[in-house]
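Please open the structure in your viewer and keep the sequence panel beside it.

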Amino acid sequence: MNKKLWLVLRWVFLAVVLISIYLPIMLIIVYSFSSERNIGSDSGFGDFTFSLYGRLFQNDLLMEATLNTLGIGLASALLATFIGTFTAVGLYYMRKGKKAVNLVSQVTVVNAEIVTAVGFLLLSIFLRDVIQIPIEKGVLWLIITHTVLTTPYVILTVSPRLNQLNPNLYEAGLDLGARPMRTLFTVIMPQLIGGMVSGFALAFTLSLDDFVVTNLNKGTSGVNTISTYVYDNLKRNLDPAIRALSTIIFVIVLVVLIVFNIIKNKKAKAEQSASKPLGK
Amino acid sequence: MREQRVIDKIIDVKNVTKVFDDTTVIDELSLYIRRGQFVTLLGPSGCGKTTLLRMIAGFVAPTEGKIYVEGQDVTTIPPYKRPVNTVFQKYALFPHLNVFNNVAYGLKLKKILSGEKTNRKGEKVPVFRKFTKEEIANKVNRALKLVGLEDYGHRDVNSLSGGQQQRVAIARALVCEPKVLLLDEPLGALDLKMRKEMQIELTKMHKELGITFIYVTHDQEEALTMSDVVVVLNDGLIQQIGTPKQVYDEPANAFVADFIGESNIISGIMIKDFSVKFLDTVFVCEDKGFAKNEQVDLVIRPEDITVLPEDSDKGQLTGTVLSAVFKGTWYEMEITANGYEFTVQSTIEAKVGQKVKLSIEPDGIHIMKKLRTVNEFVGEVSGENTVDFCGGTFEISTDLERGTPVKVFVPFDAVELTDDEEDGEIGGNVARSLYKGRYYQVQVYTDTDEDFYIDTSDEWDIDDRVGIKLDKSKLRLEVIVEETEEENQAEDGGDEA
């Protein structure tokens, strides 16, 4: 009977873990269809309605924050992917000091984000007041900070792919008459696309998520991302449309994740069938 | 009878040295290769053969010296401008391209002369163009046909077997019509059967195309069966250049004899021309021109020893059979005679423990100059009765002044090896252990990359860390006079290939 008890306990444990992970999200999704402004008011759940979704598109500040978030995310992730990939390739073909540079490039990954955030804040002041480069804190500055923040992660995702490459691949390109840059783009880069896509996705999500760096570096001109908008409006009156926005983000991420997995499975299957020799 | 004619050198390597992080991989090497030949660079791993090939390809720049292709100095020319192509050991195919596009890669980049035009100044300038799609398709298909992969153009390279991938790599290199095809252990990753097949095909391709092949391998059998010329390398030096038959029948030294084929290598003394003494027995041989009583190494191939019954009146040595193993068409036997264990191949079986006579014909004995008869190092007197050399300080009684540069001569039997590095005066690693009849000749390299030769009764394992102890009474010092600076005269000079 002990066995049965263990089995039950195992399922209970799993359920508890999963519920604790998804409970907050479920709550948001459920309440995104509520007509109530405040959760836990006397009237309970209120009516089931899509009104919050409509409201979302009428809140200009929230819409702007959303567009900022996406724009900064896309721009910085693209930049980080290119810079990170080039850096990883350069590091890979380095002869001396490879280990040291590798370590230096990864320190900020484990370092507390607040240090980077304050650092950027000081840098902006330093640039403006000491070197007198007119730095305007705002979208452009945020793109720069997010690029710097996420580049190490791209290096981290691209490097393993490089290490798996045939060590003679680069030489083979040169040997067949391609110049170094051409070899880099037509021989090496195509092998790294998987790592670059993962790196881009990681950089993009990190940028979307970021609050610490963003909040200290968004400046005073009223530029907001979703996270800083929510934070700024908590003390006043947070628009309940945020529940709708959260739900939409969650659904998009879920869909992307599912599509990714389907593609990956299909590719794996195709490779499996291709590696079966067809015979002469 | 030698005709006076210009040798058609397609590759000419002149006094090339390559140093990687203080280690000399190639040491003042000179070598030329004739157009159209199949030349193999043969040697154990770490002998510098791959580095030499990579310098010809342009992936590695020589530290010193020059490399010429068809008389043109290419030493500083990058690989993408050299008229050579390489087949790599692990294929190095482009995984994102199919077979056709892999082979077409080099062609798409190539520019060919398409005529001349007159520019504004009235000068005639050459006009270049790229290959058309049709031309590329034709060439690629011809190359694929050559390597027997006619219908594989659309296939993903990852779906091919190792042998097929190497064929694609060969086609990819050959389609560029190189003047020289460089092959870096191309069959190393294939299984035995595939390897044999590819050996035959490569030889055939070489004959059909007439392109010069430079082939790197550590497999002596591969070298002997495929090449016109074999270049045996060791420690960055050329040991011998010759036809496969020459390096097998007339090895230049004990290293070549040991590395190529099975052999019995014995120390001996040349009594006079055509007469050599070893294992306390005088033998007739076919070699002459050595100094009287010169110490020599000699090699006897296992198949050149005839096993006779004990009561035979022929045969110079009497021995006892230690082991006999049937190898398909012959028996391989270990026979001990006068303290030496001979390896003998014979079609006649002898029983273990049986006493036999061994007969060696004059043409079965090949005499070689000893590589070295004494260890010679350059050092400096560092104090009262101490001399520094090979990274160590040794107590040697001398009245020479401090700071005097000296040559130190260390006889092979003045060196003792110790299991524990601590017990020796300096440390070293065992590079080679060669049985020479009654003793082993062990080669140990020190941390300063200098070689000690040691005669010892024990066999030492390669790569073992050992201590080196010297018997000071047997050492000899010699003051270096300014003029004798070239202490390391290469024995490989400008050999001919």
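Begin by selecting Lys9(B), which stands opposite Arg34(B) in strand β2(B); strands here are DSSP runs of E with at least two residues, helices are runs of H or I with at least four, and both are numbered from the N terminus. This is a predicted model, in which local features need pLDDT of at least 70 and side-chain atom pairs count only at pLDDT 80 or more, while totals for chains, interfaces and linings use all residues. Residues are numbered from 1 along each chain as its sequence is written, and chains are lettered from A and ligands numbered from 1 in the order in which they are written.

Next, select residues 9–20 of chain B, which form strand β1, and notice that β1(B) and β2(B) pair in the antiparallel sense over 8 bridges, two strands being paired if DSSP finds at least two bridges between them.

Move on to Tyr152(B), in the loop between α3 (133–146) and α4 (162–174) of chain B. Is Tyr152(B) buried or exposed? Tyr152(B) counts as buried because it has 23 C-beta neighbours inside 10 Å; a residue is buried with 20 or more other C-beta atoms within 10 Å of its own, exposed with 12 or fewer, and partly exposed in between, with C-beta atoms placed from the backbone. Leaving aside neighbours within four places in sequence, Tyr152(B) is in contact with Val99(B) and Leu144(B), where contact means that C-beta atoms, placed from the backbone, lie within 7 Å.

Now display both chains and select where they touch, a contact that takes 23 residues from chain B and 17 residues from chain A. On the chain B side, β6 (84–87) and α2 (99–109) each supply at least two residues, and α2(B) gives the most, with 3 residues.

Finally, colour chain B by pLDDT, the predictor's confidence in each residue from 0 to 100: the mean is 86, and 95% of the residues of chain B reach 70 or more. Over residues 483–497 of chain B, however, the pLDDT is below 50. For the model, the scores are ipTM 0.74 and pTM 0.76.

How values were computed:
Contact = placed C-beta atoms within 7 Å.
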